[in-house]
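Let's take a walk through this model together, with the sequence and the coordinates side by side. Have both open as you read.

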Amino acid sequence: MDESRAFFYGPSVDRRVSTEYPDRMTELTSQIHSRLTFAIISHPDAGKTTITEKLLLFGGAIHIAGAVKSGKGAKAAVSDFMKMEKERGISISTSVMGFEYGGRKINLLDTPGHADFSEDTYRGLSAVDSALMVIDSVKGVEERTRQLCVVCRMRSTPIATFVNKLDREGKDPVELLDEIERELAVEVRPVSWPVGQGKLFRGVYNLVDGKLYLFRAGQDQLPVDVVEIDGVNDPRLDEAVGASLARRLREDVEMLSGVYPPFDRADYLAGKATPVFFGSALNNFGVRELLDALVSIAPYPTPKEAEERQVAPEEAKFTGFVFKIHANMNPKHRDRIAFLRVVSGRFERNTLYYHVRSDRSFRAANPTAFMSQDREIIDEAWPGDIIGLHDTGAFKIGDTLTEGESVNFKGIPSFAPQIFRTIVNADPQKEKQYHKGLNQLAEEGVVQIFSKLHQPNARVIGVVGQLQLEVLQSRLENEYGAACRYEPIDLSIAHWITADDKKALRDFVDANSRRVLVDIRENFVFVSDSEWSLDRTRQNNPAIRFYSTSEMIDRRA
Ligand code: G4P
């Protein structure tokens, strides 16, 4: 980053990356301090793909605009892997893009915008340390943003906000700030402020560095014109944007300073307040300033909660967890990749690690990093990094690798499905392919798969959104050459169940065997057809605890 353009956001981030390491711990600390792992959250169409593309351009990960999104309606290339995503023009799976900028190694997780793939997004959010929220200035806060914000708040994930599409006639910026505070229950701290909007959009005034960044419509180029002004009372402001907009800006700035406390990095890192930036991603306006700010303020890799204890990135011993499994990213090689987030210590290639769930060892011969489209083999990885492990079926989502300790990371839950179907093999000739595909896709988290207690061979599929069923069907066909058919089933509300008294649990399961399913991890799931019958069951069985995500189930139980 050009230091002269760097913002001052209070205590600055130490981005020095020394080349001489007296010992392993110094190297670890230095590597941690250079990592920035975040995801973009937004409602579809707010501009996530467009911003991603600009960020990658600045990071040198792509060289031409349009590489992320190739042509009208076809949102593909860099961030989307699957045929279906291209056909539908929505980003279904979470992918990872790595690039370097401003002395930090940035890992950007692309998360599906479509609500039917919430589970994938929620799991992706468990692997990042902060989020960038993109809001369409015309539409304001939308449903999907609201849902994702709830997840971030649950984990106190710091959120930075970019209000996009200022080149369009949108809502009043003050109204937008109110909406964000009211609807997302997070305090706002405007960092930049728009001068005009829509046809009258002239640029943004940076409230922190006191500079005016001028907008020229249709300019997808850098650098943006920056006018050095000495505060909003400087007459150069009038020259640059005209007397009327200058007056309005002066009034706005005075009002803002009375209403909002100055940006405080500690409040942002605690997830209490969100810095707000304004711009237009399509016109590449305000995005570089946003990125400069992020490398300055966004958190280093943070500690992660495990069932047993909290694990800090500075711990010398390596730990990491799998938050996503994806098959066939490259159709030429039928491989399967487990995405692992490094939580602590240094991960090394060709080293024996402990795979906690299976109580076995695991060695990665060809771990990969994700640098934009390319997957390159790496020798080591550090906290905050996301690496790809070649998987031959050893991994499930939520699995942990360590140097020997038994830890199970939290926050990688399965959510209670709302749609259930019995799945049937539609092509008996392809029995083997069908079972292989079904199991692998369930392990990837495409759908949840359950077996019935009283009919152990029957498979029930549970999904959060209808589209997941279509993805399963299409992937079984395209990738495994198998066919399936769904049959309706009279179940809609699922809860994972557990109890301190194991006999009580067993008795409950025996007494309700028609309504109990078993998930992929052999946990019991109680399903009912209505809230009313669920309530009655709960009242009659006080010893049993019911949970709507698998996160609360103690896997050791
Ligand atoms: P998403 O990934 O969040 O779904 O959003 P995406 O970036 O695909 O943007 C959605 C639409 O909004 C796109 O238009 C995109 O060009 C437009 N857009 C993004 N940023 C801005 C902006 O700053 N100003 C304006 N005016 N529009 C913006 P589209 O018509 O759906 O796609 P396309 O025909 O441009 O490819």
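## Ala504 and helix H13

Ala504 is part of helix H13, which covers residues 502–511. This is a predicted model, and every value in this report is computed from it. With a relative accessible area of 19%, Ala504 is buried, because the cut-off for that class is under 20%. Along the chain, 38 residues separate Ala504 from Pro542, and their C-alpha atoms are 9.9 Å apart in space.

## Around the ligand

Next comes the ligand. It is surrounded by 19 residues, and the closest of these are Asp45, Lys48, Thr49, Thr50 and Ser280. Sorted by class, this shell holds 8 charged, 7 polar and 4 nonpolar residues. Helix H2 (residues 48–58) supplies the largest share of the shell, with 3 residues.

A polar backbone atom of Asp45 is 2.7 Å from an oxygen atom of the ligand.

Helix H5 runs over residues 143–154, 12 residues in total. From its first C-alpha to its last it reaches 17 Å, close to the 16 Å expected at 1.5 Å a residue.

Which residues of H5 are buried? They are Arg144, Thr145, Leu148, Cys149, Val151 and Cys152. These residues sit on the same side of H5, because they cover an arc of only 155 degrees around the axis.

## Two positive phi angles

Just after H5, the backbone does something to look at: Ser156 takes a positive phi of about 50 degrees, although Ser156 is not a glycine. Ser156 belongs to the loop between H5 and strand S5 (159–164). Its relative accessibility is 42%, so Ser156 counts as partly exposed.

Asp359 is another non-glycine residue with a positive phi, here about 60 degrees. You will find Asp359 in the loop between strand S17 (352–355) and strand S18 (360–363). Is Asp359 buried or exposed? Asp359 is exposed, because its relative accessible area is 54% and the exposed class begins over 50%.

## Asp129 and its partner

Asp129 is located in the loop between helix H4 (118–126) and strand S4 (130–136). Its relative accessibility is 3%, so Asp129 counts as buried. Which side chain does Asp129 meet in a polar contact? The partner is Arg341, and the contact between the two side chains is 3.0 Å.

## Helix H10, mostly covered

The last stop is helix H10, residues 287–297. How many of its 11 residues are buried? The count is 10, so H10 is mostly covered. The buried set includes the charged residues Glu289 and Asp292, and also Val287, Leu290, Leu291, Ala293, Leu294, Val295, Ser296 and Ile297.

Technical notes: Residues numbered from 1 in each chain as written. Predicted model: local features only at pLDDT ≥ 70, side-chain atom pairs only at ≥ 80, totals over all residues. Heavy atoms only, no water. Near = heavy atom within 4 Å. Polar contact = N/O pair within 3.5 Å; in protein donor to acceptor, adjacent residues only side chain to side chain. Helix = DSSP H or I, 4+ residues; strand = E, 2+ residues; numbered from the N terminus. Expected span 1.5 Å × (residues − 1). Buried < 20%, exposed > 50% of the residue type's maximum accessible area, 1.4 Å probe, protein only. Arc of directions from axis to C-beta.
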